[in-house]
Amino acid sequence: MGRRSIIALLLFPLFTIFTHSQSAPPPQDGDFVLRDFHFKSGETLPELRMHYTTLGKPVRDAKGRVTNAVLILHGTGGTGKQFLSPQFADVLFGPGQLLDANRYYIILPDNIGHGKSSKPSDGMHAHFPQYDYDDMVLAQHDLLTQGLGVNHLRLILGTSMGCMHSWVWGETWPDIMDALMPLACLPVPIAGRNRIWRKMVIDGIRQDPEWKNGEYTTQPRAALQIDTDFLIIAGSAPIPMQKELPGRDAADKYLDETYQRVLARLDANDLLYAVNSSRNYDPSAGLGKIGVPVMFVNSADDFINPPDLRIAEKEIKNVKKGRFVLIPASDQTHGHGTHTWAAIWQGYLKELLEESQ
């Protein structure tokens, strides 16, 4: 694994060079505006822009039901285009591969607060509505049904925050999909160490005088430095980092280079909102509503979802057709970021697709 691969270990996949399989249909970008969007907080936006990328074309049966749509949901700080990276797209989207874009209609949205969708840094700053995961999933649903005319999903696959979104989907619209594949999360409230590091990121921004209640004209550097440090640790993987950074000089150089690259792409308000959006998440009580096959996959070197908690094994028992897989840590895994390295877990995706036919 080279230095560029280690950079991809970060929680926020900011540095991936976006490509796509040369044999797959080219990606198409679009925007759909949701009018008078109502948030759980009681706030509204006259126009909520949802940006998306698609590959392939929808196929409908005789009743007009879409049969080949696949929704893939990104993590905190990411965008739909992260799934066009070689370690994902070149493994899954090419001819004959599991999600061959010549057969499937691949939908990659930018969620609220991310990418080219509506977000605080567009101009509203800290006056942007206080969105949460339920709002984000509702906007995804409206994009699909109103904007793209998709009334059924062959599969929902989500990574990290998208993993948590997939649980919300399964409970809220249990009949709209054939299968769910959540990668790198837990179906319980954000608590313990996971909540603590998120609160540290949030407080690091809010307590920096240069944040100016969200009305800064230059990024609050001290806040973002603190937050970048936490993001690097949260997204780290000990085995490959020990291998690639064997001494002080290599580790220090990696930290300096990574910090500069992360800092150049962060916006304090966008980061604050994105991390805080997990505050109300709790699908645990509704897991029994999910009737479709579920392939739930975590990796053993995930700092954010440590296997020691044994939560996944307990909660999957509440899912009627659920299976949990824990990928052992190795020099091939990538900590929390293992979710985007499809070669590691594509065998489980194959099993899920066969089971849910």
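Visitor: Which residue does the side chain of Arg 35 meet in a salt bridge?
Guide: This is a predicted model; local features need pLDDT of at least 70, side-chain atom pairs count only at pLDDT 80 or more, and totals for chains, interfaces and linings use all residues. Numbering starts from 1 along each chain as its sequence is written, and side-chain values use heavy atoms, without hydrogens or water. A salt bridge puts a Lys or Arg side-chain nitrogen within 4 Å of an Asp or Glu carboxyl oxygen. Here the N to O distance is 2.4 Å, and the partner is Glu 47.

Visitor: How many residues apart are Arg 35 and Glu 47?
Guide: Arg 35 sits in strand S1 (residues 28-38), Glu 47 in strand S2 (residues 44-55). Strands are DSSP E runs of at least two residues; helices are H or I runs of at least four, and both are numbered from the N terminus. The pair links distant parts of the chain, and the separation is 12 residues.

Visitor: How is H6 oriented to H8?
Guide: H6 (residues 221-234) and H8 (residues 248-263) pack with axes 10 Å apart, at about 120°. Angles under 35 degrees are roughly parallel, over 145 roughly antiparallel, 65 to 115 roughly perpendicular, the rest oblique. So H6 lies oblique to H8.

Visitor: How many residues of the contact of H6 with H8 are charged?
Guide: Contact means heavy atoms within 4.5 Å. Arg 221 and Leu 224 are among the H6 residues meeting H8, whose side includes Tyr 254 and Leu 263. The contact has 7 nonpolar residues and 4 polar, and the charged count is 1.

Terms used
Axes fitted to C-alpha atoms, helices over the stretch in contact; angles between N-to-C directions. Nonpolar A, V, L, I, M, F, W, Y, C, P; charged D, E, K, R; others polar.
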